[in-house]
Structures are given as C-alpha cells and as structure tokens.
Amino acid sequence: MTAQDTIRARARELLESGEVASFVGWEAGRFANQTTPLIISDPADADKLVFNEYCVNTLAKYVRDLVPRGKVGLVVRGCDSRGIVRLIVDQVIKREDVYLIGVGCPGVIDRKSGEPLKKCTECRHNNPVICDEMAGDEVAKDAPADRFAEVREVELMAQPERSRYFESIYAKCIRCYACRDVCPCCTCRECFVDARRENWVGKQNNVAENRFYGLTRVMHIGDRCIECGECERVCPMDLPLMKLNRKVIQDLNDLFGEFESSMSLDEGPEPLITYDLADREEFM
Amino acid sequence: MSRIGVFLCYCGSNIAGTVDVEAVAEMARSLPEVVYVETNKYTCSDPGQEGVKNAIIEKGIDRVVVGACSPRMHEPTWRKLLADTPVNPYMLEVANLREQCSWVHKDREVATAKAIDLVKMAVAKVARLQPLHSIEIPVHKKALVIGGGIAGMQTALDIADAGFQVTIVERETSLGGKMVMLDKTFPTMDCSACICTPKMSEVGNHPNITVKSYSEVENVSGYIGNFEVTIREKAKFIDYNLCTGCGACETKCPAKVTNAFEQGMSQRTAIYKMFPQAVPAKPVIDAEHCLKLTTGKCGVCSKVCPTGAINYEDEDKLTTETYGAVVFATGYKLIDWKPLYPEYGGGKYEDVITGLQFERLVNASGPTEGHVLRPSDRTEPKSVVIIKCVGSRDPNKGKAYCSRACCMYSAKHAHQYLDKVPDGKCYVFYMDVRTPGKGYDEFYMNTLHDGAQYIRGRVSKIYKEGDKLICKGEDTLTSSQVTVSADMVVLETAMVPADGIDELAAKFTVGRDADSWLVEAHAKLRPVETNTAGIYLAGTCQGPKDIPDSVCQAGAAASKVIGLLNKDALQSNPQISRVNETLCQGDGACVNICPYGAISIVEKQFRENSRKVVRPVAQVNPGLCQGCGACTVTCRAGAMDLLGYTNESIMREVDALCQW
Amino acid sequence: MSVVETNEAAAQVPENWEPKIIAFCCHWCTYTGADLAGLNRMNYPANVRVLRIPCSGRMNPQYVIEALNKGCDGVLVCGCHPGDCHYVTGNYFARRRMMIFKRLLEYEGLEPDRFQVRWISGAEAGKFRDTVMSVVEQVRALGPLNLTREIPYFELPAVPDGEEAFDAVPEEVVPEEVSA
C-alpha cells in the first residue's frame with residue numbers, strides 16, 4: 001500500500017467515524033505536475049486526496065480556520081508537523097484539535113523547473129516531529145551541509161553593496177503579504193501592518209514602508225521560524241526572504257546556543273522572551 | 001480634535017539664558033491642535049501655577065505640555081496641579097528644556113532649535129494620550145510572616161507592637177528556628193536559649209500575633225494590600241485547646257525516632273515537642289512514626305493524656321485569609337556537605353560533624369548535657385580540628401559566596417572547646433579570617449589567646465587511622481604540608497537557603513538569585529523589599545547573615561510593613577499595561593517576560609461573527625503591574641500596550657522629531 | 001541585479017548638515033544620568049534628542065526602523081546596566097533583542113555606528129556626555145543616512161499589444177491536462 005492509499009483509507013475512516021470534522025491534504029491539479037491543498041468533510045471525497053512529489057504547499061496553517069468546525073485531520077511531513085507544533089505552542093490550536101497522519105517526505109519538485117524545490121534542498125527535518133500515526137515509513141534524506149550558506153554569502157558583501165542589495169529587494173516587494181499569510185508563525189489576530197492607530201507601516205508601497213514591513217516581519221518571527229521556506233516559495237516577486245529569516249536564526253544560534261524552533265511541544269520559551277545572566281555583553 | 005495648552009518656563013535665566021523661549025512659543029503656536037501658548041518666568045511658582053490653572057479653564061484646554069525642567073523634578077507637581085482642574089493629570093507631557101537642553105548647550109541658536117524639537121515631540125505625544133485613572137487598592141491591615149526564626153519573630157513583634165495583626169507560619173512544630181539550636185552567641189557569649197526563648201514566649205503570648213506552627217503556605221493569589229493566602233496546618237493529632245502541655249504522653253510513647261533538632265545525635269518519641277521550651281509548648285504526633293497511626297496498635301498517649309486531647313482522626317486544615325503584606329523570613333539550612341566532600345569521608349566517619357552538631361554537643365540541654373563527647377564512642381576528644389569554608393568560597397564544589405558567620409562561630413567553637421576541655425588542642429584551618437563587626441575581631445584575638453591554633457590552608461583529606469582522624473592539609477603561610485591527628489573534626493559548612501524556597505518564592509513571584517537566595521528590590525537602596533510590591537525580606541532568606549544583622553533586617557522589614565499597613569488604601573499607578581482583548585491571541589509570550597507575574601492567561605467568552613467563542617486572552621493584574629512595558633514588545637500584534645507610553649504616542653513622537 | 005542605482009546624494013553632504021540622532025533613554029538610569037549631566041553643566045552636542053521610555057525593555061525595534069526610515073541619521077538606545085534594571089529584568093530582554101536587531105540592521109547594510117546601544121547608569125553623567133559626543137562624531141563622519149524611500153523609476157517590460165496580446169499565454173501554463 002502506498003502512502004497515498006493509506007492517507008485515502010485513513011481519511012475516509014476518520015471522517016466516517018466522525019473522529020474528525022474535516023481533513024486536509026492535497027488533490028490533483030489541472031496538470032499532472034500540479035497539486036492544490038484540499039479540504040474535505042465528506043468521506044466520499046477521500047479518493048480525491050493525493051500524495052506525490054508535487055505537493056508543494058505546507059498545510060499547517062489551513063488548520064487555523066478549520067478548528068472551530070471540529071477536529072481536523074491532516075497529512076503532515078516534517079515542515080507541516082513543525083507548523084502544527086508552532087500553532088499549538090502559540091495557543092492558536094490545541095493538540096487535541098488535530099489528528100495528524102505523518103508521512104516521510106523525500107522532498108518535492110518545482111513544476112516549472114523539474115528540480116527539487118529550494119525549500120526542500122534546505123530541509124533538515126523531512127519526517128514529522130509529531131504525529132498520531134504514520135502512513136508509510138520515515139524517509140531518509142540528506143540534510144544540507146551548511147544551514148547558513150546563503151546568509152554567509154550576503155555577509156561577505158561589502159556594506160554599501162549589502163545596502164543596495166536589500167534596497168533592491170524592498171523596491172521589488174509589492175507588499176502582497178503572501179509571505180505573512182502562508183507563515184505558520186504569523187498567527188496574530190491582527191497583523192501590525194493593519195494597525196491603524198499605531199500606523200507602524202504606511203499605506204504607500206515604497207522602499208521605506210516595505211523595509212519597515214520586511215524588518216519587522218523578521219523580528220516578529222525570527223525566534224519562532226520553522227524554516228519551512230514557504231514565505232520564499234509563495235513570494236510572487238521571488239524575493240529571497242529566507243536570507244533574512246536565517247540571519248536571525250544564525251545569530252540566535254551563535255549568541256544564545258543551538259536553536260531550532262518548534263521541534264517538540266515541550267520546548268522552553270523562545271530565545272527572545274527569555275534571558276541568561278551570562279549573555280554576552282556588548283553594550284557596555 | 002484635542003485642545004493642547006503649551007506652558008513654557010524661563011526658569012529665571014536658567015532656560016531663557018540659552019533658549020529663546022519666545023521663539024519656541026511662536027513655533028508652538030503654529031503646531032496643530034495647540035490652542036494656547038504661554039511663557040512664564042517661573043511656571044512652577046504659585047502665580048505661575050495659578051496662571052496655568054486659569055488658562056486651562058478660560059481656553060478649554062484638555063491636555064497640557066509643560067516646557068520646563070526635567071519631568072523627574074516637577075512632573076508630580078504638574079500632575080497635582082492638573083488634579084484640581086478639569087484636565088486629567090495624565091494628559092500631561094513635560095519637555096525637558098533645562099537639564100537636557102539649556103544647561104548642556106551654550107549656543108543659543110542650537111539650543112533653541114533643540115528646544116523647539118523637544119516641544120514638538122511633547123505636543124505630538126500629548127495629543128495621543130488618554131485620560132488615566134488610578135484605582136484605590138484597599139489595604140488589609142494584617143501581615144503574614146513566613147518563618148518563625150529569630151528574624152520572623154522580630155518582624156512579627158515589631159509589627160504587632162505597632163498595633164497590627166500578624167500571623168506567623170512556621171513549618172516546624174515550634175518557633176525558634178536555627179537560633180534556638182545554638183548554644184552561645186558570639187561575641188558576647190550570651191546563652192542563645194536565654195535570649196531566644198523569651199522572644200518565643202513573647203510572640204506566643206502577644207495578643208496581636210497568631211502562631212501557626214506545623215503549617216506551610218499552600219497557595220497565594222492577589223497583590224499588595226490583598227494577598228489571599230491559603231495555609232495548610234498539618235495534622236497535629238492533638239487538640240491544642242485541651243492539651244495542657246504536661247508531657248505525660250512523651251514519657252510513655254514507645255516509638256523512637258532520630259531527633260532532627262539534636263542534629264541526629266539522639267532520639268525522640270513519636271509524640272514530641274521539638275525541645276523543652278518549645279512555643280507552642282504542646283506536642284504533636286509524628287504521623288510517619290506513630291505506632292497507632294501506622295499499625296493501628298498502641299494508643300498509649302491517649303490513655304495517659306489527662307485531658308483527652310489526643311485525636312487520631314485529625315486531618316490537615318486549610319485556612320484562607322487576606323493579608324496586606326507578606327514578610328519572608330524563611331532562613332537557611334546548612335549545605336549537605338556529604339556528597340560534595342568525599343575527601344572528608346563523605347559522612348563515613350561519625351566524628352566528622354558540622355558546626356550545628358557541635359552546638360548541640362556543647363549545649364547543656366543537648367544530647368551530652370553540655371559535655372564535649374565525640375559521637376562515636378562518647379569520649380572526650382583531646383584534639384579537635386575545625387575546618388572553615390566547607391562549601392563556602394568554593395565554586396568548584398559548593399558555593400562561590402562567603403557564608404559570613406562561620407569565621408565568627410568557628411572562633412566561638414574553638415573558644416568553647418578550649419573552655420570545656422582545658423587540656424585539649426584545637427586547630428582551625430582557614431582561608432581568611434573575616435571579622436567585620438562590633439567586638440568581633442577582639443573575640444577572635446581572645447580565641448587565639450585561648451590557644452587555638454590557626455592554620456592558613458585547606459584540608460585536602462581526612463582518613464581514619466585507629467580511632468584517630470588524620471587531617472592532611474597545607475599551611476600556605478609556611479608552604480608546608482601539615483598533618484594533624486584529631487579525635488574529632490568540625491566542619492563549618494556553608495549556609496544555603498531553606499528547603500522548598502524555590503517553590504515558595506515562585507508562589508509569590510519573588511525573585512531568586514542563582515543560589516536561590518531571595519533577591520531584594522535594590523541591592524543598596526531597597527534591601528528589605530522585593531520586586532513584588534508588598535512582599536519584604538528578613539534575615540537569612542536573602543543571604544547569609546549573623547544574628548544581629550538578621551534582627552536589623554527584621555526590624556527594617558517590619559517598619560516597611562507598618563508604613564504600608566498604616567494606609568487605608570493605596571493609589572495604583574495607572575501607567576500600566578493594558579490588553580486589547582480583540583487583538584490578543586493568548587500565546588503567553590508576555591506572561592513569560594513579566595518580572596512581576598502580573599499577567600495571566602484566562603479563558604474568556606467573546607461574541608465573534610455572531611458566534612460565541614471562548615478563547616484565551618492575557619489579563620493584567622493592576623495591583624502587580626509596575627508599568628515597565630517589557631510585555632508590550634513581545635506582543636507582535638500590539639495587543640499589549642503601556643498606558644502613558646503607548647506605541648502610538650512613541651511613534652508619533654519619533655515622527656515629530658523626524659520632521660526637523 | 002538592482003533596480004536601485006547608487007544614490008548620488010549619499011556621496012554629497014549638504015552644507016550646514018548636522019546629524020540628527022534620537023536617543024531612547026530609560027527613565028530610571030540613563031534619563032537620570034542625562035539630567036545629572038545637566039545639573040553638572042556638562043556640555044555636549046545638541047544633535048541628540050532624548051525620548052523617554054520607562055525601561056529599555058520597552059524599546060520596540062519598530063521605533064528604530066521608524067526613526068531611520070523617517071530621517072534620523074542615527075539611533076541610540078540606553079538603559080540601566082544589566083543587573084541594575086529598575087524592573088529587574090527589562091534590560092536583559094532588551095540586550096538579547098537589541099543584539100539580534102543590531103546584527104539584522106547591519107546585515108541589511110546599515111553602518112554599525114548608526115545604531116548603538118549603551119548601558120548608562122543614573123550616576124554616569126560623564127558616560128552619557130561621552131557617549132553622545134562619540135555617537136555624534138561617528139555619525140557625522142558617516143554623513144547623512146540616505147535610505148531610499150521611493151521606488152526608483154524603471155522600465156516595465158513591454159506589454160503585448162493587438163494580435164499578440166490575444167495569443168499571449170503565460171508561459172507556465174503547459175498544455176498537459178490531466179485525464180480524469
């Protein structure tokens with residue numbers, strides 16, 4: 001039985017028994033090399049579910065809107081499961097709100113280029129970190145040798161060049177907020193960009209306001225980022241957003257000890273909401 | 001639209017000397033929402049203040065900017081002034097034109113330009129402020145003292161003498177703490193029991209003091225003036241209303257238990273008083289060892305009790321009361337040296353004892369009735385080695401800190417030993433001798449005259465040869481190896497916080513340092529307060545101390561408590577955090593960051609999209625929040641905001657500055 | 001690579017240019033220290049404007065972005081020495097946050113001197129003056145901060161027209177339909 005068969009069978013059982021009210025997976029798209037996320041509540045629809053190398057979307061965040069309707073069944077790979085951990089730790093959902101069917105993931109393929117997606121070549125945890133049952137076995141996959149290679153690339157640039165590089169990024173950004181909407185860390189009930197009273201970010205789409213958004217986004221999610229790379233994948237302007245996220249993660253790593261967010265439900269507080277008396281002192 | 005009044009002060013020539021105040025006023029008139037600008041020679045003077053008041057009424061001003069000296073100087077003055085006007089006292093912003101402008105710059109043009117910016121910033125901020133109201137927090141005129149040692153007793157007595165009700169919670173069966181275990185006290189050599197037990201009975205008899213012995217704090221909620229504390233009174237199995245404390249039961253009880261009060265050097269019965277002068281002077285039954293309670297057979301005590309006070313059915317009692325103030329006087333214990341110092345035998349040798357055991361050995365009411373007899377064979381030791389800093393000043397094995405009292409009590413032990421065994425030899429291994437205190441160094445010198453031999457260095461090994469304990473060490477003054485053959489070794493071990501302090505402090509959100517000593521609010525200026533308002537520290541729970549220092553701190557804590565209980569109500573600081581529940585997601589990052597434990601996550605019901613939703617949101621306790629605003633930064637959505645320093649007001653202040 | 005060309009203005013320092021620096025100071029320590037500098041009639045450049053916050057733990061990085069975006073040439077954040085925080089732990093959190101944020105700003109090309117964090121106690125009037133003087137001098141040496149605000153003009157790719165527009169199909173739509 002393939003993982004896809006198991007997913008279909010289990011989804012049907014779960015929906016029929018009423019254990020879950022809805023089930024989230026992927027369905028085949030119009031084209032063979034395309035899938036789209038699928039939310040079903042009718043057991044008869046279970047056969048629409050697919051699992052193949054084109055399942056590019058990370059599913060965790062869909063759960064947020066489904067939970068009020070009842071327990072949600074969900075297929076989770078490494079990235080989806082860490083997204084779920086994130087949502088649980090951030091009190092967006094509760095552990096008992098979701099039923100997780102884990103699958104090992106060999107990485108997915110960019111349908112345009114036929115190459116593995118960037119986020120998958122960078123992936124360090126392709127098997128679920130939490131799940132209720134596994135569909136198929138865990139999959140062995142090489143983790144990238146250097147987690148921060150792209151950050152170091154930028155760090156090696158001279159200062160004015162770096163400045164220009166990021167200004168060009170912010171000049172391209174159209175502030176569609178796709179990166180925010182897809183991010184399992186971005187679960188505020190109202191994003192700071194929409195706060196009218198504080199008016200953190202102006203309505204204009206210009207470099208300055210985009211910079212405000214970009215920098216603040218990283219400060220907000222940096223110590224919780226699960227490195228799923230979805231922000232980068234969904235960016236319609238192809239901005240290298242993970243270069244920013246990973247910069248913060250790299251610094252947290254260097255300064256406050258090895259850090260990888262959302263690996264289990266009982267992690268201590270994130271590095272930026274805790275402290276250590278022995279922290280490095282550089283502001284004296 | 002707000003109606004802002006700007007009042008600029010010349011401060012004689014203090015400000016006007018370098019700042020063109022009229023130019024600043026001219027600019028201020030052009031700012032949006034500013035309806036009135038006035039300059040004054042001395043705004044803080046009576047006529048100046050009168051002018052402000054009149055202008056507020058006449059011009060219908062609803063918020064005020066004062067450009068004068070530092071807000072640290074006169075902000076309270078302006079707030080008080082506004083309290084007499086229709087303007088809310090918190091609709092005020094002070095531009096610091098003196099300390100941070102006219103006094104630090106010489107160039108008139110530059111200083112005026114800066115003053116203009118400062119006023120602009122203040123106007124921008126004040127336009128975004130909201131009226132704030134402090135709430136009255138009632139003060140329950142009753143204090144709770146946790147711990148009935150000398151510090152706790154002193155605090156309780158001082159508070160009670162001032163006319164307030166005090167409850168002492170003591171987890172042992174009697175008051176007295178560590179002091180009552182001691183034999184004599186340095187440097188005067190008063191008998192410890194003689195000065196401690198009168199305090200105990202004074203506490204026991206004081207009309208304003210309730211002693212809850214054999215009790216522990218179970219639960220706490222609330223804040224300054226209103227701590228709701230649940231106390232668990234452990235089952236004593238004796239009705240204290242009937243018991244006369246005659247002691248007949250103790251003499252007949254067949255169970256034998258190691259006596260912790262005598263530091264394990266003798267045995268007690270299962271129904272027992274901790275020591276003869278215990279307060280309350282009534283026994284309890286140790287449920288773990290009582291034959292009746294463990295096996296169901298015995299019941300001798302109930303047969304011999306003349307008043308029928310024994311009740312084997314007794315249960316733990318929980319009582320909840322509200323206290324206005326809490327004092328920690330939880331004290332210390334000695335470090336468990338055995339696992340740390342295997343080279344000293346690690347507990348293998350009976351005659352290697354701690355200082356507290358030595359206290360009991362020389363005490364006339366102790367297990368040897370005051371004769372110095374070593375525990376193993378009850379013979380008089382002819383040579384004694386005292387080792388100081390066991391566990392103190394030793395970060396590798398024990399604690400990095402100095403336990404402060406050991407230098408003095410080791411000198412006292414040497415003195416007492418030489419006094420009782422005149423032909424004995426006493427060797428003291430020391431790192432330093434620290435005797436800062438009244439009469440302390442003189443006492444140390446006397447001990448030297450008594451014949452105690454001080455050897456500067458640590459003992460590296462103790463082993464047994466025959467019935468002798470061989471102590472190998474180094475004399476660092478002569479750089480030579482020293483071997484002393486001793487009959488008994490006394491280890492002056494480090495003080496560490498009492499058991500269970502972490503859990504107890506966490507209940508009250510009192511800070512602890514790395515060694516679990518409780519942390520004072522300010523090391524120099526607020527040494528008896530904690531960061532949680534209404535909670536104070538007395539004695540060794542804050543760090544190692546000797547008796548006089550403990551008593552001093554106890555008195556200081558009591559005076560703070562009296563000051564607090566004297567008030568009928570407290571005015572809360574309204575510049576505290578506020579939660580916008582619509583935005584709050586309840587992820588609890590703010591809970592983590594709050595140093596006062598003022599934020600909690602509660603489940604609340606909301607109506608959202610015409611549906612009832614129950615979801616977690618943060619809740620700020622106005623009695624605990626001190627208004628630091630650390631929580632606001634962790635809140636990504638900005639649901640948490642600090643009143644008086646809102647995100648909006650700071651952002652507009654930054655914007656105002658950037659227009660320059 | 002970049003749609004933003006080198007900002008010519010950055011190289012030119014306008015006449016009579018003075019650096020504009022905002023200092024976020026904690027009320028209990030640095031603001032007190034700054035007041036003490038005044039009481040002692042110390043002298044320091046007027047380029048710094050102090051904005052009072054209750055605690056360095058209140059310091060939201062977003063204020064810094066706003067200040068730099070809206071035209072400040074430098075930002076200084078000051079608080080109590082670690083261990084001396086009036087609110088016990090505020091500056092420990094601030095220290096972590098500011099360490100990360102400063103590295104992020106520098107990563108994006110901000111000169112390190114333009115954003116500085118210093119611990120200055122209520123007694124350290126001299127340190128406050130020295131810090132202000134050195135920050136002003138360092139920023140003066142760097143010149144005005146010319147962050148790009150507007151998106152520079154650039155040529156859009158030609159829009160297909162007429163017949164061409166009708167036939168234009170986004171290239172990624174590969175006509176390989178899935179059979180049901």
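**Reading the interfaces**

Student: How many salt bridges are there between domain 1 of chain A and domain 2 of chain A?

Tutor: A salt bridge is a side-chain nitrogen of Lys or Arg within 4 Å of a carboxyl oxygen of Asp or Glu. Between domain 1 of chain A and domain 2 of chain A the count is seven. One to look up is the pair A:Lys118 and A:Glu150, with 3.3 Å between the closest N and O atoms. Before we go on, note that this is a predicted model, in which local features need pLDDT of at least 70 and side-chain atom pairs count only at pLDDT 80 or more, whereas totals for chains, interfaces and linings use all residues. Residues are numbered from 1 along each chain as its sequence is written, chains are lettered from A and ligands numbered from 1 in the order in which they are written, and side-chain values use heavy atoms, with hydrogens and water left out.

Student: Which residue ranges are domain 1 and domain 2 of chain A?

Tutor: Domain bounds come from an automatic or database domain assignment. For chain A this gives 3–134 as domain 1 and 149–273 as domain 2. Their C-alpha centres are 25 Å apart.

Student: How many residues of domain 1 of chain A are in contact with domain 2 of chain A, and what is the area buried between them?

Tutor: Contact means heavy atoms within 4.5 Å. By that rule, 23 residues of domain 1 of chain A touch 27 residues of domain 2 of chain A. Buried area is the accessible area (1.4 Å probe) that two parts lose on being put together, summed over both. Here it is about 2100 Å², with 51% given by carbon and sulfur atoms. On the domain 1 side, A:Lys61, A:Arg82 and A:Arg86 supply 33% of the area buried against domain 2 of chain A, more than any other three residues.

Student: How many residue pairs are in polar contact across the interface of domain 1 of chain A and domain 2 of chain A?

Tutor: A polar contact is a pair of N or O atoms within 3.5 Å; within protein, one must be able to donate a hydrogen and the other to accept it, and residues adjacent in sequence count only if both atoms are side-chain atoms. The rule finds 17 such residue pairs across this interface, both residues at pLDDT 80 or more.

Student: Which helices of chain A each supply at least two residues of the side of domain 1 that touches domain 2?

Tutor: Helices (H or I, at least four residues) and strands (E, at least two) are DSSP runs, numbered from the N terminus. Helix H3 (78–89) and helix H4 (118–121) of chain A each supply at least two residues there. H3(A) gives the most, eight residues. For the classes, Ala, Val, Leu, Ile, Met, Phe, Trp, Tyr, Cys and Pro count as nonpolar, Asp, Glu, Lys and Arg as charged, and the others, Gly among them, as polar. The domain 1 side has nine nonpolar, four polar and ten charged residues.

Student: What do chain A and chain C bury between them?

Tutor: They bury about 5100 Å², 61% of it on carbon and sulfur atoms. In contact terms, 55 residues of chain A meet 50 residues of chain C. Three salt bridges are counted between these chains. A:Asp279 and C:Arg96 form a salt bridge, their closest N and O atoms 2.8 Å apart. The interface of chain A and chain C also has 20 residue pairs in polar contact (both at pLDDT 80 or more). Helices H5 (149–155), H6 (159–172), H8 (207–221) and H10 (242–256) of chain A are the elements that give two or more residues to the side touching chain C. That side divides into 28 nonpolar, nine polar and 18 charged residues.

Student: How many residues of chain B are in contact with chain A?

Tutor: There are 20, facing 19 residues of chain A. The two chains bury about 1900 Å² between them, 51% of it on carbon and sulfur atoms. B:Gln585, B:Arg636 and B:Met651 lose the most area on the chain B side, together 35% of what that side buries. Two salt bridges are counted between chain B and chain A. A:Arg197 and B:Glu648 meet in a salt bridge at 3.4 Å, N to O.

Student: Which element gives the largest share of the side of chain B that touches chain A?

Tutor: Helix H16 (589–593), strand S32 (599–608) and helix H18 (647–658) of chain B each supply at least two residues. The largest share, four residues, comes from H18(B).
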